[in-house]
Amino acid sequence: MGERQPLVEVKNLVKHFPVRRGLFRGKGALAVRAVDDISFDIGQGETVGLVGESGCGKTTTGRMVMRLITPTSGEVCFEGRSINALSAEEEKLYRRKVQMVFQDPYSSLNPRMTVGSIIAYPMRIQGEYAGAARDARVRELLELVGLSRYQASWYPHEFSGGERQRIGIATALALNPRFIFCDEPVASLDVSAQAQILNLLKDIRSEFNLTILIVTHNLSVVEYVSDRVVVMYLGKIVEMASTSDLYRHTLHPYSRALMSAIPTPDPEAEQQREQIVLRGEIPSPLDPPSGCRFHTRCPAYLGDVCREIEPELREIQPGHFTACHLYASTPTLATTASGARLN
Amino acid sequence: MSTAVDLPPLVEVQDLHTHFLLKKKVVRAINGLSFSVGRGEILGIAGESGAGKSVLCLSMLRLVPQPGRIVGGRILFEGKDLLGKSEHEMRGLRGQAISMVFEDPLNSLDPAFTVGDQIGESLMLHKAMTRSAARQKAGELLRLVGIPDPERRLDNYAHELSGGMQQRVMIAVALSCDPALLIADNPTTALDVTIQMQILDLVKQLRDRLGMAVLWITHDLGVVAKLCDRVVIMYAGKVMEAGDVYDVLKRPRHPYTRRLIDALPKLGHPEQRLIPIQGRPPNPADLPEGCPFAPRCYKVTAECRSQAVELVDTGDGRAVRCLHPEE
């Protein structure tokens, strides 16, 4: 996977949202550090899962890739070119290549438009598929996502949550994009609909050789659909690896805790596996902890080093990165988990 | 953990029917539901949205909003039928012997009162405590639910707390009068997984320490596996299957339970393709005559569609409503 030409490169991306404190004080130095210097890339045809809890910056990252918000610093490159400074025309072309599937299939579809016109909307804006060809394309897309071609004249309220999410996916596919960003695509769905949407995502991805960035808090969903996983905590990447590596050889204590907290419906596995109950709450991204941002809750806290020095994201095994002082004494690609201090 | 088999259960719901009587149709949200909760037991009620789980909660507290009505059945609490009680008697029970935690903690807490006032309110009302005694007890309750620095937190307002802390406060309010039964309606869906883990851990500890029974309503079978002793699988306002959590999730007998499990991604087995449940849940205003799951079932036969299927007790603490159960 690593040898593939990256389609999307995220380089030292930072997003700080300045906060006003009180009416007259104006914008001070205070800012929500939503994303704080992260880098990763997404290979052509690869599905990358971005996981973490609320406030970790996963959605903000996705939105910067979509060029919906402007980074404070750093850049996103698409097909080798930075998207920071696109002309209006280039931006329109970019919008054709990247599409998004939203979390809430209820509020993301216009209730006054028929499903057919919702799906045709991106084609209208981009001037693709005129007249009868556009109607044919709408019908084709409906069938592609498992709905009936006759449903083009229906309104969104006539569909269930899972079916609405299919409509969202059909809309995203309308312009034959290269890249799709899915923001919590199954979080608001029932289990049966969730399974249908996850299978659909897998199918369209192999059928159209799509590159997908999927943001979710659900680690079992990520394992099912992704090739590679990026784990974030408070605006930082704490671990990044291929899905099988991450799930079999979890390195970072936060990833481990996250893994153990995923409820699985298998009571036997539930009894056997490691149960890590983290102390405390997720700290405020307004004032993240010093050193390693996870040190306030870390079950493997080493002492001063964690509190004072921010761990670097280092490649511990080929393709397996983590930012943790537990692995600091492994200068090259070895796997010792000693707790030696940095000095 | 099946506690006290010979003692009568704390709660027995028998053939409960809660309907919403609309102008032109009747929405049958709860449709002949029966189950029991033992003392000190954590019972999970699991099902998809629209199964009637939340209406069940409201029915048990007799808080079903208009035009909904409990039209049949009995809810025995400590042997006495709640449906025969006066509104005055119910007020004495709610928040006292039976208390409830809702899905969205921020909407259930009053933004205009401090946390201490809200916990203290039920103590002053139900236990006739003085203001200062109630405040002290409120502090103890906050400590019990694992809130650090409880004395200081008493003076906080709801918006000053995180989602996990708010849910802990809700649990503290619910625990204030030592309830025999705690009803929790999807209380962790709005929380992050690591915080959910803390809350599940807390509920288990509290059950062990205080001996209360818990009715935990959820759509997440994973949460059921982590927390509950027994589980009831609900569909279209009926019990489809009930039994020990381990047995039901390991060897589901009802095709619906089986499909619910098959539809979930399993940690560690990403190669297993998910099997979605085809079709949609039935419209509660227009339920099919036979088994409500028949239109979506892989084992369906002609009898399933034509005759009403009874919930059959299979002896080993399990019950299943199916003509062709799995072995």
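1. A helix axis here is a line fitted to C-alpha atoms over the stretch in contact, and the angle between two axes is taken between their N-to-C directions, from 0 to 180 degrees. The model discussed below is a predicted one.

2. In chain A, take helix H5 (residues 161–173) and helix H6 (residues 191–208): their axes come within 9 Å and cross at roughly 20 degrees. Angles under 35 degrees count as roughly parallel, and H5(A) and H6(A) are therefore roughly parallel to each other. Their crossing is right-handed.

3. Which residues bring H5(A) and H6(A) together? From H5(A) come Gly161(A), Gly162(A), Gln165(A), Arg166(A), Ile169(A) and Leu173(A). They meet Ala193(A), Gln196(A), Ile197(A), Leu200(A) and Ile204(A) of H6(A).

4. The largest nonpolar core contains 187 residues, and Leu181(B) and Leu215(B) have the most contacts inside it. The greatest contribution to this core is from helix H7 (residues 163–175) of chain B, which gives eight residues. Both domain 1 (11–97 + 179–320) and domain 2 (108–178) of chain B give residues to the core, so it lies between them.

5. Leu181(B) deserves a separate look. Apart from neighbours within four places in sequence, its contacts are Leu10(B), Val11(B), Val37(B), Ala97(B), Ile98(B), Met212(B), Ala213(B) and Leu215(B).

6. Between the two chains, 37 residues of chain B are in contact with 32 residues of chain A. On the chain B side, at least two residues each are supplied by helix H8 (193–210), helix H9 (221–227), helix H10 (245–250) and helix H11 (255–262). H8(B) gives the most to that side, with six residues.

Conventions: Residues are numbered from 1 along each chain as its sequence is written. Chains are lettered from A and ligands numbered from 1 in the order in which they are written. This is a predicted model: local features need pLDDT of at least 70, side-chain atom pairs count only at pLDDT 80 or more; totals for chains, interfaces and linings use all residues. A nonpolar core is a set of buried Ala, Val, Leu, Ile, Met, Phe, Trp, Tyr and Cys residues joined through C-beta atoms within 7 Å. A residue is buried if 20 or more other C-beta atoms lie within 10 Å of its own, exposed if 12 or fewer, and partly exposed in between; C-beta atoms are placed from the backbone. Helices (H or I, at least four residues) and strands (E, at least two) are DSSP runs, numbered from the N terminus. Domain bounds come from an automatic or database domain assignment. Two residues are in contact if their C-beta atoms, placed from the backbone, lie within 7 Å. Angles under 35 degrees count as roughly parallel, over 145 as roughly antiparallel, 65 to 115 as roughly perpendicular and the rest as oblique. A crossing is left-handed if the near helix is turned anticlockwise from the far one by less than a right angle, and right-handed if clockwise.
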